[in-house]
Amino acid sequence: MMTCEKAVGLVSEALDRELTPSELKKVRWHIRLCPACFKYEKQIQLLHDFCVKYGDHICDEVELPEEARTRIKAALESAGSRKE
Ligand SMILES: [Zn+2]
């Protein structure tokens, strides 16, 4: 299974480009098994929908900043560490 880091990266990339079928398959699979990444995908899609609705200029402002990514990564790591 791909790592959370990779899955999260691809989820973000999917908003900018079409993922390859194999990438898509791996991401889908990961998200089905990983609640943290599932949540991340929902959040980023909400954000993306918001941007599409209200325009790219807003999207530029609300685009996931490095700090948010770090926060999500930390959340993912703590979620992972709770697993045995
Ligand atoms: Zn994950």
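Trainee: What do A7, L10 and V11 in α1 meet in α2?

Mentor: They meet E23, V27, H30 and I31. Contact here means that the C-beta atoms of two residues, placed from the backbone, lie within 7 Å. Nonpolar covers Ala, Val, Leu, Ile, Met, Phe, Trp, Tyr, Cys and Pro, charged covers Asp, Glu, Lys and Arg, and the others, Gly among them, are polar. One caution: this is a predicted model, where local features need pLDDT of at least 70 and side-chain atom pairs count only at pLDDT 80 or more, while totals for chains, interfaces and linings use all residues. Residue numbers start from 1 along each chain as its sequence is written.

Trainee: What makes α1 oblique to α2?

Mentor: The axes of α1 (residues 4-13) and α2 (residues 21-33) come within 10 Å and cross at roughly 120°. That angle makes the pair oblique, since under 35 degrees is roughly parallel, over 145 roughly antiparallel, 65 to 115 roughly perpendicular, and the rest oblique. The axes are lines fitted to C-alpha atoms over the stretch in contact, and angles run from 0 to 180 degrees between N-to-C directions.

Trainee: And why is α1 called roughly parallel to α3?

Mentor: Here α1 and α3 (residues 35-54) pack at an angle of about 15°, with axes 10 Å apart. So by its angle α1 is roughly parallel to α3.

Trainee: Which residues meet there, in α1 and α3?

Mentor: C4, A7, V8, V11 and S12 in α1 meet A36, C37, Y40, E41 and I44 in α3. That contact has 8 nonpolar, 1 polar and 1 charged residues.

Trainee: What makes I31 count as buried?

Mentor: The cut-off is 20 or more other C-beta atoms within 10 Å of a residue's own, with 12 or fewer meaning exposed and partly exposed in between. I31 has 20 C-beta neighbours inside 10 Å, so it counts as buried. I31 sits in α2 and touches A7, C37, F38 and E41, leaving aside residues up to four places away in sequence. I31 and C4 are 27 residues apart in sequence, yet 9.0 Å apart in space, C-alpha to C-alpha.

Trainee: How do you know where the buried residues of α1 sit around the axis?

Mentor: The buried ones are C4, A7, V8, L10 and V11. They cover an arc of only 165° around the axis, so they lie on the same side of α1. The arc is taken from the directions running from the helix axis to the C-beta atoms.

Trainee: How many helices and strands does the protein have?

Mentor: There are 5 helices and 0 strands. Of the 84 residues in the protein, 15% are buried.

Note on methods
Helices (H or I, at least four residues) and strands (E, at least two) are DSSP runs, numbered from the N terminus.
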